[in-house]
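Please read them with the coordinates open.

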Amino acid sequence: MAGPGKERDGDDDDAALFRAAVGPVRALPDAPAPPERPRPRPRARMAERDEAQAREDFRLGRGEGFSIERGDVLSHRRDQVPPRTLKRLSLGMYAAQDELDLHHVDAATAESLLRRFLAEARDAGFGCVRVVHGKGLNSSDSLPVLKNVVDRVLRQRADVLAFHSAPAAQGGTGAVLVLLARR
């Protein structure tokens, strides 16, 4: 049996034999390192989250911009609508030709239903419709969510000429009469 020193000598002999067989070698030039993966651009994740939350709050009618209280009257008119028309609307002098009741509907569904209802009413040639949103007595916070959503959607639509909370006999501050532009 060979001892540890003998194996080492045999390895050296093998390496010497290999070098003799190969002959002189020259070193290869250093290869450039592969390019690194581009680093992702820094993102402001908190700002993105805050923006998404603000958009959701706006869509659902929550936050600082939505401070319509339970007893507040909804009222708005476009510049081309005379003040007298808004006054007549507030007194219920226009007959509602169709009605949408949003009681017990969540804010996102209410927005979708309201947009579809207004488009269908306008296509049908209706001039005045009533939207019942309720007074917000079942809202989890102190603000009536559906009332704020209805106010925001009606203000955004170009086919809504004017709107006003209904007279007490037609729902009071829990409903709104809407004048629509003709097709």
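How many salt bridges does a search of the whole structure find? The search finds six salt bridges, and several of them are taken up in the points below, with the reminder that this is a predicted model.

1. Overall layout. The protein has five helices and five strands, and from the N terminus on these elements follow the order α-α-β-α-β-α-β-α-β-β. Of the 183 residues, 34% count as buried.

2. A link between helices 4 and 5. The side chains of Glu111 and Arg152 meet in a salt bridge, with 3.2 Å from N to O. Because Glu111 belongs to helix 4 (residues 107-123) and Arg152 to helix 5 (residues 145-156), this pair ties together parts that are 41 residues apart in sequence. Both partners are covered: Glu111 is buried at a relative accessible area of 11%, and Arg152 is buried at 6%.

3. A pair within helix 5. Arg155 forms a salt bridge with Asp151, and their closest N and O atoms are 3.1 Å apart; both residues lie in helix 5, four residues apart, which is about one turn of the helix. Here the two partners fall into separate classes, since Asp151 is buried with a relative accessible area of 9%, whereas Arg155, at 37% relative accessibility, counts as partly exposed.

4. Arg157 and Asp159. The side chains of these two residues meet in a salt bridge of 2.8 Å, N to O. Arg157 is buried, with a relative accessible area of 16%, and Asp159 likewise counts as buried at 8%. Elsewhere, salt bridges that share partners join Glu111, Arg115 and Arg152 into one network.

5. Strand 4 and its neighbours. Strand 4 (residues 160-165) is mostly covered, five of its six residues being buried. Strand 4 pairs in the antiparallel sense with strand 1 (residues 75-77) over three bridges, where His76 stands opposite Phe163, and strand 4 also pairs in the antiparallel sense with strand 5 (residues 175-180) over five bridges, where Leu179 is the bridge partner of Ala162.

6. Surface patches. Asp11, Asp12, Asp13 and Asp14 gather in a patch of negative charge on the surface, and of these Asp14 lies in helix 1 (residues 4-22). A nonpolar surface patch is formed by Phe18, Val22 and Val25, which together have about 330 Å² of accessible area. Phe18 also lies in helix 1 and, with a relative accessible area of 57%, is classed as exposed because this value is over the 50% cut-off.

Definitions and conventions:
Residues are numbered from 1 along each chain as its sequence is written. This is a predicted model: local features need pLDDT of at least 70, side-chain atom pairs count only at pLDDT 80 or more; totals for chains, interfaces and linings use all residues. Side-chain values use heavy atoms; hydrogens and water are left out. Buried means under 20% relative accessible area, exposed over 50%, partly exposed in between (1.4 Å probe, protein chains only). Helices (H or I, at least four residues) and strands (E, at least two) are DSSP runs, numbered from the N terminus. Two strands pair if DSSP finds at least two bridges between them. Patches are made of residues with over 30% relative accessible area and no salt bridge: like charges are joined within 9 Å, nonpolar side chains (Val, Leu, Ile, Met, Phe, Trp, Tyr) within 5 Å. Accessible areas come from the Shrake-Rupley method with a 1.4 Å probe; for residues, only the protein chains shown count as cover. A salt bridge is a side-chain nitrogen of Lys or Arg within 4 Å of a carboxyl oxygen of Asp or Glu. Lys and Arg count as positive and Asp and Glu as negative; His and the chain ends are not counted. The place of a charge is taken as NZ of Lys, CZ of Arg, CG of Asp or CD of Glu.
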